[in-house]
Amino acid sequence: NQQKRRLLPLPPGPRRWPIVKNTFAVPLTNAHVHYQELGKKFGSKILFLEALGRPMLIVNDLDMARDLLEKRSAFYSSRPSMTMITDIVKIREWFSFMPYGDYWRVHRRMFQQHFSEKHLPYIEERAVGLIRKGLLANLLEFPDGVTEIIRKCVYSIRLEPMGYPIQRQNDPLVNLAEETFGVMSIIASPGKYFVNIVPALQHIPDWMPGAGFKEVAKEVRRNVDKLIAEPFEATMQMMTDGTAPPCFVTETLERLKSNKDYEVQAVYAKQTAAMIFGAVSETTVTGLKSFILAMLTHPDAMRKAQQELDDVIGTDRLVDSSDIPHLPYLSAIIKETLRWNPITPMCAPHQTTEEDVYMGYYIPKGCIVFANTYAILHDEEVFPGPEEFQPERFLKDGKIRDDILDPEFVATFGFGRRICPGARIARPLLYLVAASLLHLFDIVPALDRDGNPIKVIPQFKQAAIISEPLPFQCKMIPRKGRDVEGLLKGYIGTDPI
Ligand code: HEM
């Protein structure tokens, strides 16, 4: 049977070149667009490539991605090693990079227990507080710095599971987290370091030209160790002193305390806590940056959302999480933002742990599988004019359509057993930040030296992992007809958030 399988053809894809073995079939940037076009060229939504001996499957279609990554998730749920991250910086503590198996499972379960439906209202309530103090109040003071302030606020929200008190501005740990995870998302991209494409380079001596990546790796490792240890130890100390607020760490350790293997579980809890605030903050920040860019360049959509917010909330109180279900136009904007610029356009790589046969094609064991989220959410047949930002495509008679693919729940957060376990918190966070911003502020163009508005054309970094808007300038102006300072009065100050 096995022999018969191996005689089957591989899925369509570029011809293999005997010497370079398709090294150059793997583009360093904009891979999602490249593979969408390659799919059209081969007339196939599933493509097979081999780059330096690593088999790779690209899936440009939603149903196929579900068939493989969901229905066959028992053997499509591992992760490949990513040389710089897993072998050189040696990040083995975070389950997002772990191969499929029990070690991954125990970490993921711990994470999911905290982000369960039961805890969600508490997490949202804390997020509302952090948004008011860390985002809205800071914007009053620094109207030009919205993207930076958002980044700091999101990082603060991520540190929250530690129960760690966060300074409103310049918190040293938030700064360190921001710097370290920013660098990590760069070093994980194939394009930045050649060693990600030619893993054998990791063995070159430190003194050799081109070995600079090793220094970067050492620095990242030092910072990661600090980020894992410091907030956790601070929380443990607060627990001893009886001053720790309820948080992931206290709640998990409390639940585990009668376990026989408590010591081991406590190490897992420490690693999982660092995972929560760490690895994925850039995704949420990027989603919010895309939202701001979309509002800046589509003022009509912004005004409609503001009108809806005024109708539902009025002008004399702040946005609350209970308002969110009553904002269909804002919901359409969030969905369109996630579709317009998919945050992780190639999802995250899965890896097969068994060989398989799909649609008559042979899929080898150890094959790296990329679901092309961009191709799925930019499919012209489902979303005509896919490059246009059109929230209305999700609406019918003022309500959200239920007959169209919903990027909030499909593809954006991945597939199967590896699907983003943070989506439950990421979604309300996007809504709460977006609604809070538009309710109080107009997002308008910044002015140049001569006082003319700076025109912004939406463009995105040609990244391989996260698709981030290119830097742009804008200004947040308190909206007319409401006392923004008065509404935020109780949240302005210098105490930790
Ligand atoms: C808009 C924001 C976010 C987006 C677009 C996003 C997207 C993704 C995607 C595409 C994956 C890979 C899924 C797969 O392999 O099929 C992933 C994994 C993951 N995400 Fe998110 N994510 C976001 C926010 C978050 C947040 C806020 C958290 C934590 C609180 C989080 C935690 C994780 C973890 C731990 C994994 C690894 C799961 C595993 O390997 O088992 N994410 N995310």
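Asp61 is buried, with a relative accessible area of 18%, because a residue counts as buried when that value is under 20%. This residue belongs to a predicted model, in which Asp61 sits in the loop that runs between strand β2 (54-59) and helix α3 (62-71).

**Around Asp61**

- The side chain of Asp61 reaches the backbone nitrogen of Met64, and the distance between them is 3.0 Å.
- When neighbours within four places in sequence are left aside, Asp61 is in contact with Lys45 and Ile376.
- Asp61 and Val195 are 134 residues apart in sequence, and their C-alpha atoms are 30 Å apart in space.

**The ligand and its iron atom**

- The ligand is surrounded by 27 residues, of which the closest are Arg79, Arg108, His350, Arg418 and Cys420.
- By kind, the residues of this shell divide into 15 nonpolar, 8 polar and 4 charged.
- Helices α5 (102-114), α12 (281-297) and α16 each supply at least two residues of the shell around the ligand, and the largest share, 3 residues, comes from α5.
- The iron atom of the ligand has a single donor from the protein, the SG atom of Cys420, at 2.2 Å, and Cys420 itself is found in the loop between β8 (399-400) and α16.

**The nonpolar cores**

- The largest nonpolar core contains 136 residues, and the members that touch the most other members are Trp94, Leu135, Met184, Met295 and Leu437.
- Helix α16 (residues 423-440) contributes the largest share of this core, with 11 residues.
- A second, separate core has 11 residues, among them Leu38, Leu47, Ile58 and Phe370.
- For Met295, which is one of the residues named for the largest core, the contacts beyond four places in sequence are Ala301, Met302, Ile333, Phe389, Leu438 and Ile443.

**Glu468 and Lys289**

- Glu468 is placed in the loop between β9 (441-445) and β10 (474-478), whereas Lys289 is found in helix α12.
- The side chains of Glu468 and Lys289 make a polar contact with each other at 2.4 Å.
- Glu468 counts as buried because its relative accessibility is 13%, and Lys289 is likewise buried, with a relative accessible area of 10%.
- Not counting residues up to four places away in sequence, Glu468 touches Arg151, Thr286, Lys289, Phe460 and Lys461.
- With its neighbours within four places in sequence left aside, Lys289 is in contact with Thr147, Arg151, Glu468, Pro469 and Phe472.

**Other residues in loops**

- Met359, which is found in the loop between β4 (356-358) and β5 (361-363), has a positive phi of about 50° although it is not a glycine.
- Ala411 lies in the loop between β8 and α16, and its phi is near 75°, again a positive value in a residue other than glycine.
- Such values deserve a mention because most residues other than glycine have a negative phi.
- Ala411 is also buried, with a relative accessible area of 2%.
- His119 has its place in the loop between α5 and α6 (120-141), and with a relative accessible area of 15% it is buried.
- Not counting residues up to four places away in sequence, His119 touches Gln113, His114 and Glu251.

Notes. Residues numbered from 1 in each chain as written. Predicted model: local features only at pLDDT ≥ 70, side-chain atom pairs only at ≥ 80, totals over all residues. Heavy atoms only, no water. Helix = DSSP H or I, 4+ residues; strand = E, 2+ residues; numbered from the N terminus. Buried < 20%, exposed > 50% of the residue type's maximum accessible area, 1.4 Å probe, protein only. Polar contact = N/O pair within 3.5 Å; in protein donor to acceptor, adjacent residues only side chain to side chain. Contact = heavy atoms within 4.5 Å. Core = buried A, V, L, I, M, F, W, Y, C linked by side-chain atoms within 4.5 Å. Near = heavy atom within 4 Å. Nonpolar A, V, L, I, M, F, W, Y, C, P; charged D, E, K, R; others polar. Donors = N, O, S within 2.8 Å, 3.2 Å for Na, K, Ca; no water.
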